[in-house]
Every structure is written in C-alpha cells, then in structure tokens.
Amino acid sequence: HYYANRVQQFPFALIALAATSSVFPRLKVLGHERDLTGLRYLHDRTQLAVAFLALPAAVGLLVLARPITSLLFEHGAYGPDGVARVSAALAMLALALLPAGCVSLVTRAYYAIDDFRTPVVVSSLLLFVNIGLNLALVRGVGMDVEGLALATAITSWLNLAFLLPPLLRRLPKGTEETAEHVSIGRRLAPMALAALLAGGAAWGARELVWSLAEGLGRNLGGSLALAAGAVAGVGGYFAAVAALGVPEWRELRAKLAARRAG
C-alpha cells in the first residue's frame, strides 16, 4: 500500500496540490471581501482545470498500473508477487485521484468563507467509515491490499459527495453575461470521454509494443512498451479534447501560445 500510494501521490501533488495552493490566497481574498460569486467562479474554474489533467492521469494509472509497478520496483528480491499486489492497489488508488484532488480544493473553499467546522466534522465521520470499509473488504470479502486501497477510493468519493453539494448551495452562481458562470457537469462529460479514449489508446499501444519488444527483456522491452503507452495516452487525450472542443484545451493552447510569443 505504501508503494502504491507513493506512485499515486506523484500526479496528485503535481496537479491537485499545485493548483489548490496557487489559488488559495485568491480564494481567501474573495471570501474576506464576501465576493461569493467570484469565489464560486474561481472554485469551479479551478476544479475543471484539475479535472482536465486528473481524469487522464487516473485512467492512465488504472490501465498501466502493472507495467508502471514492474518498471519501478521489480528488481532484486522484489518479484512478480509484489508487483501483482502493488499494481492491484495502485489501480484502486487511481480511482481516488480525482475526488481527492477535488476535495483538496473544496476544503480550502470552506476555509475561505471561514467555515472550518464542516470539513473537520465530515473527515472525522469518514474516518470511521474508512475503518469499517477496511474491515469489510479485507476481513469480510477477503481482498488483499487492494481492499485497503478500494476503501480509500470509496471514502474519497463519499468525502466529495458530502462536502461539495453544501458548498455549492452556499455560493451563488454568476451569469453568463458577467462571464462568471461555469457548468461543471456539462464540461466534465467530454473530458471523461476523452480520458477513456486515451486510456484505451495507452493500453493498446503498450500491449502492441510489448508483444514486439518482449524479446529485449523486461527492463528494456518493458520500458519501451510503457513509454509507447504513455505517449499514445497523452497524444490520444489531447487529440480527443481538441476534437471534442473542450474549453480547457483551448485555454491551455492559448496560454502556451502567449508564453511562446512573450
């Protein structure tokens, strides 16, 4: 579980924690000024930006969990059994990547409106839920370490379900005329579709290259196959969001173009 968690925390820190840390000072200012419409707009925009990268990262970890684990850890006394256990846990923890990132921002939005109680109460209650799920999945169902990881994923989604709707009810929406209105649900759907397509491309490319390069050995052949899967997944995702007209892709492309011009 420790090894799987270390791998999952890498994209989590790069995407969710980085975005949350960067916008939190502005959230605090908006909360202090009681500009709740502006706070809602910044929150929603940031959630979409996090989801734009967290969704494909989660799908990538899910479909490539075993080759990632093998490449990183299968050396010396760390054999195939360890790879199987860690990769199963990593696949389950991949399901927690998106809700954990969203909750990180939601919690800070509560802090911005000076509500420190709600996140603590929900977290305290879910601690006992998580313990119960651990016991049920490991002792009851008979799962291995992936049961602990699945309990973490379920708890993360429950945390988001308990925290996000009450927050959105407290923060008024802006209007499209004032450019302070974002429809999260409508804009998440094409991202999710693009992430699934990219996951299929990543898995297919990895399997194809591995079948051709298996004779090169686990280290070299596995590295080439994993690299091919990663490239296909990243390329497939950006191609899909471009074809689907995802606004976050247009914004990212505009920012990159402005940076190159500057």
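Predicted model: local features only at pLDDT ≥ 70, side-chain atom pairs only at ≥ 80, totals over all residues.

User: What makes the overall dimensions of the protein agree with a compact globule?

Analyst: For 262 residues, a compact globule would have a radius of gyration near 18 Å, and the protein has 20 Å, which agrees. The C-alpha atoms fill a box of roughly 60 × 50 × 30 Å along the principal axes. Of the 262 residues, 44% count as buried.

User: Which secondary structure elements does the protein have, and in what pattern?

Analyst: The protein has 10 helices and zero strands. Read along the sequence, the pattern is therefore α-α-α-α-α-α-α-α-α-α.

User: How do you know that the span of helix α6 is close to the expected one?

Analyst: Helix α6 comprises residues 117-140, 24 residues in total. Just after α6, Gly 142 takes a positive phi of about 90°.

User: Why is Asn 130 called buried?

Analyst: Asn 130 lies in helix α6. Its relative accessible area is 18%, and the term buried requires a value under 20%; Asn 130 is therefore buried.

User: Which residues are in contact with Asn 130, leaving aside its neighbours within four places in sequence?

Analyst: With those neighbours set aside, Asn 130 is in contact with Ala 151, Thr 152 and Thr 155. The buried residues of α6 pack against α5 (97-112) and α7 (145-170). Besides Asn 130, the buried residues of α6 include Val 122, Leu 126, Leu 133 and Leu 137. An α-helix has 3.6 residues a turn, so residues three or four places apart point the same way.

User: Why is Gly 200 called partly exposed?

Analyst: Gly 200 is found in helix α8 (residues 184-213). Its relative accessible area is 43%; buried would need under 20% and exposed over 50%, so Gly 200 is partly exposed. The C-alpha atoms of Gly 200 and Val 59 are separated by 9.1 Å, although these residues are 141 residues apart along the chain.

User: What share of contacts joins residues at least 24 apart?

Analyst: Among contacts between residues at least 6 apart in sequence, 76% join residues at least 24 apart.

User: How far apart are the mean positions of the positive and negative charges?

Analyst: The mean positions of the 23 positive and 16 negative charges are 3 Å apart. The accessible surface comes to about 13300 Å², of which 66% belongs to carbon and sulfur atoms.

Definitions and conventions:
Residues numbered from 1 in each chain as written. Heavy atoms only, no water. Helix = DSSP H or I, 4+ residues; strand = E, 2+ residues; numbered from the N terminus. Expected span 1.5 Å × (residues − 1). Buried < 20%, exposed > 50% of the residue type's maximum accessible area, 1.4 Å probe, protein only. Contact = heavy atoms within 4.5 Å. Rg over C-alpha atoms; globule rule 2.2 N^0.38 Å. Areas by Shrake-Rupley, 256 points an atom, 1.4 Å probe, with all protein chains shown as cover. Lys, Arg positive; Asp, Glu negative; His and termini not counted. Charge placed at Lys NZ, Arg CZ, Asp CG, Glu CD.
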